[in-house]
Every structure is written in C-alpha cells, then in structure tokens.
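Hello,

Here is the structure I said I would pass on. My notes follow below it.

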Amino acid sequence: MATFEIKMPKLGESITEGTIMTWSVKVGDVINEDDILFEVSTAKVSAEIPSPVAGKILQILFNEGDTVAVGTVVAIVQLEVDSEEETPEVAESTTSKEEAPAQSAAPVKNVKSEEARWYSPIVLQIAQEAQLSKEELDSIPGTGYEGRLSKKDIKTYVELKKKGTQPVATATVAPQKAVSAESTLVPQPKSATVSQPVAAASKPASTPTAPVIPVSDGDEVVEMDFVRRIIADHMVMSKQVSPHVTTVVEVDVTKLVRWRERNKESFQRREGISLTYMPAIVEAVTKSLAEYPYVNASVDGYRMILKKSINIGVAVSLNDGNLIVPVIHNADKLSLSGLAGSIDTLAVKARANKLSPDDIQGGTFTITNFGTFKNIIGTPIINQPQVAILGVGYIEKKPAVVETPEGDTIAIRHKMYLSLSYDHRIVNGAMGGAFLRRIADYLENWNG
C-alpha cells in the first residue's frame, strides 16, 4: 500500500512552525489533488493547505490548536493510483531501477528536500511520458500553492510544446508573497504566417547575459532576503514579457484637497480611521476601468482576457523596506467609506504580517503611491499578469493660470502628477492617454 506524508508547510523564510486552526477532512475521507486539508496560522500569514495528492486520509497525527514544527508529518494519505498509471517513483517498492523504461531525457524524480521543488505523482507521470528532463520540469512556472506545478500547468505546457509553440518557462522561485501575480504560460510562435513586420516582432529576444560584478576590498556583499528575491525576479520577468510605455498627466486636485479638509474630522469620528486621498483615487480608477475594459485585462499569447471583476491592488511599504500589494476585491462595488475601510484594514494586516493568500491574489490593476515619499513622478513596472499600473505623485501647491469670468488670473492650486505604465501589446497610446485623462477628470471635478 503506497502512502504519502503530508507535512507542515513552510509559509515563509523565517517561519519555523505553524498552528493547525481547523481540519477540513477526517480519517477515511477520499480526497482529490488540491482539496483543502487544513488551515494553518503562523506569525506572518494564515493559509488553507491543499493536498498535493489524491487518495484516502489514513491518519491525522495532530489536533486542531496544535503548534507543529515545519517539516513535521501531520497526516498520512493512502495513494489511490491505478496500477497502469503508476509512475516508476510511486511503484518503487515493486519495480527496480533496472526495470524502469529508458528515457531519452534524464529521468525526473520526486524531490524530497524541504528546500527543493515538490512534484505530485501525476505530474511526474506526465513529465516522464513527455520525456521532460529534470531541468525543463523545474523551469515550468506553477500556479498552485507556493508556486507548485499542478496537473493543469504541466498539461498546458506539454500541449503547447506538441502544437509547435514554445512555452515561456522561467526558473522556479519561492511562493510570491510580495506581489500579487499569477504565473502564466505565454506561447511564442516559432514561425508566423502573417506579414514580415509582425513575424519579426514576434521573434523571441535573446536572453541577456548578466555582467560579472567585481567585488573590491571594503565592499559589503548583502544577500537579498526572500521577499526581495521574489520582487527582483517578478520585475525582470515583467519587463521581458510586456513592452512598457509610460504616459504622465498633471492633475489639479484642489477640489479634492478642499473636500478632504472639510470632511476628515467627521470621517474620523464616524468611521474610526483617517481619511486619505487613496479612496478617492481608487474610486476614480474603478470608474475609469469600467469605461476602458481593455486596461482591466491580461494578455495570454495572442489572446486578450478582459476581466469581469475590478480588483485593485494598492502597494504597501513594509517596515523592512520591501513592498507587498494587497488587493481590494470588487472595488467598483464599494462605497467611498468601504474603500477607505478596506485600504486601512489591508495596510494594517500587511504591516503586521497577517495577510492571507486571498488578500494578495486576483488583482486586475495596481496603484502605487510614491507621493508618500514626496516623489512627484515615476515610471512603475507592470504587476504581471496585469496590463497597467498607476503611479501617484506628491500633491504640492503651485501657481497656475486659472480662467475666470473676469479673465485669466494666477492662483495657488494643488497639483499632482499621475503616471500610467501600460502594456503596449493591448493598450495603445491613444487608449492609455484617454484612460489616464479620464482618471484625472474624475479627480479634478471631485465632489465626494
């Protein structure tokens, strides 16, 4: 009887233990791959843990409320794999290595190391049938829990490969806690039947070689922490995937500033939180996205996926200097007070390291506010797989020419810059400029 050990997962680089909050299964239950087994809470995050295998729950070794060290076995699953579908790894006790069929590529084995990537038996079976090497398997992006490669991921990869397209595979990294992004397989055609300019444009760019950096006496070498490594990989991938264009508009937000001055004290008393400019900016963005659906989208090869929901990610600066992007789901359905409450709650949870996986997933558009640091203009990098990101600059007083019934006059106005970086594959300059101008119009004519 083949069994599989379910271990307490590692939900962060510095996390050494987790507390089992609730079990979703009991002994004797038959489960499928990715069924939720239990909910775990750590000092940084709470998460529902899915099963990496299908089978029957044979044993549950810890109770709800128990705190368990990372890597400790918490449950045992009896694998239910048909004999004809067993991989050499699953049937290792009955099949010797000499009896295993020869493969043209290096055989793929299940990873046992706690730090290495783990593969389910069905994923290993598909990989061996497709004669994928270990290196190629490791390079396939995963959309499952902690970046795990799911059955759907590897099937999509193999199908694209068989059709003559070249799936873009990236090096495996740890789970994306610092960014709200989903790995995608973007097919790049080997050849094109369209006109020559398009064929030339679709040719994959050669991979750049990183320069060798000399280290001199006195230089300090600091290893990137877990979160910074994820951000670095994600930003490089975004620049490689999306042709970035940034456009900027100056916005007169005098009406917004005066509205906030009139209402901030009563809002504080009524809602119990400070009234910032961000709820108004998010509301202006959601209204504009409803009018320009191609900005609330993703690109998958030559397909444009227009998102039904408007889920706004708002970048939050953490105490350790890193960033995280919690997501306001269905932001277009919230009132201004609802947006303010959501933004405040997510920011507090982020800085207390209490965001759940759901809090940082599913974003369709991102806002980053570098005005917090009195920066006026920036060119933010798109948060994949989204197609645009809005940068919000510092609000400052400026002399400006104002038209009045008596003629033009110079007055002190509150001005800010908004910068929109967008993916030129789906958003052209006209659309990007019009969308950004629409946000500005909402803010310039703000009446609460």
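F365 is buried, at 0% relative accessibility; buried means under 20% relative accessible area, exposed over 50%, and partly exposed in between (1.4 Å probe, protein chains only). This is a predicted model, in which local features need pLDDT of at least 70 and side-chain atom pairs count only at pLDDT 80 or more, while totals for chains, interfaces and linings use all residues. Residues are numbered from 1 along each chain as its sequence is written, and side-chain values use heavy atoms, with hydrogens and water left out.

Aromatic pairs

The structure holds four aromatic pairs. Rings of Phe, Tyr and Trp (its six-membered ring) pair if their centres lie within 6.5 Å; planes under 30 degrees apart count as stacked, over 60 as edge-to-face and the rest as tilted. One of the pairs is W23 with F38, which is tilted, at 4.9 Å centre to centre and 50° between the planes. This pair links distant parts of the chain, with W23 in strand 2 (residues 17-23) and F38 in strand 4 (residues 36-41), 15 residues apart. Helices (H or I, at least four residues) and strands (E, at least two) are DSSP runs, numbered from the N terminus. W23 and F38 are both buried.

F365 and F435 make an edge-to-face pair, 5.8 Å centre to centre with 65° between the planes. Here too distant parts of the chain are linked: F365 is in strand 18 (residues 365-369) and F435 in helix 9 (residues 429-444), 70 residues apart. F435 is buried, with a relative accessible area of 0%.

Leaving aside neighbours within four places in sequence, I312 is in contact (heavy atoms within 4.5 Å) with V282, V285, T286, L289, P326, V327, I328, A331, F365 and I367. In soluble globular proteins, nonpolar side chains tend to be buried together.

T286, one of the contacts of I312, is in helix 7 (residues 278-291). T286 is buried, with a relative accessible area of 5%. Its side chain reaches the backbone oxygen of E283 at 2.8 Å. Not counting residues up to four places away in sequence, T286 touches I310, I312, A331 and D332.

D225 is in the loop between helix 4 (196-201) and helix 5 (226-241). At 30% relative accessibility, D225 counts as partly exposed. D225 and N322 are 97 residues apart in sequence, and their C-alpha atoms are 9.5 Å apart in space.

Charged side chains

A search of the whole structure finds 16 salt bridges, a salt bridge being a side-chain nitrogen of Lys or Arg within 4 Å of a carboxyl oxygen of Asp or Glu. One of them joins E291 and R438, at 2.9 Å from N to O. E291 is in helix 7 and R438 in helix 9, so the pair ties together parts that are 147 residues apart in sequence. Both ends are partly exposed: E291 at 37% relative accessibility and R438 at 26%. R438 also lies over the face of Y442, at 4.4 Å from the ring centre. A charge sits over a ring if NZ of Lys or CZ of Arg is within 6 Å of the ring centre and within 35 degrees of the ring normal.

R260 likewise lies over a ring face, that of Y277, at 4.9 Å from the ring centre. R260 meets E261 in a salt bridge of 3.8 Å, N to O. R260 is buried, at 18% relative accessible area, whereas E261 is partly exposed, at 44%.

E396 and K398 form a further salt bridge, at 3.9 Å from N to O. E396 is partly exposed, with a relative accessible area of 26%. Through salt bridges that share partners, E250, E396, K398 and K415 are joined into one network.

Regards

Technical notes. A polar contact is a pair of N or O atoms within 3.5 Å; within protein, one must be able to donate a hydrogen and the other to accept it, and residues adjacent in sequence count only if both atoms are side-chain atoms.
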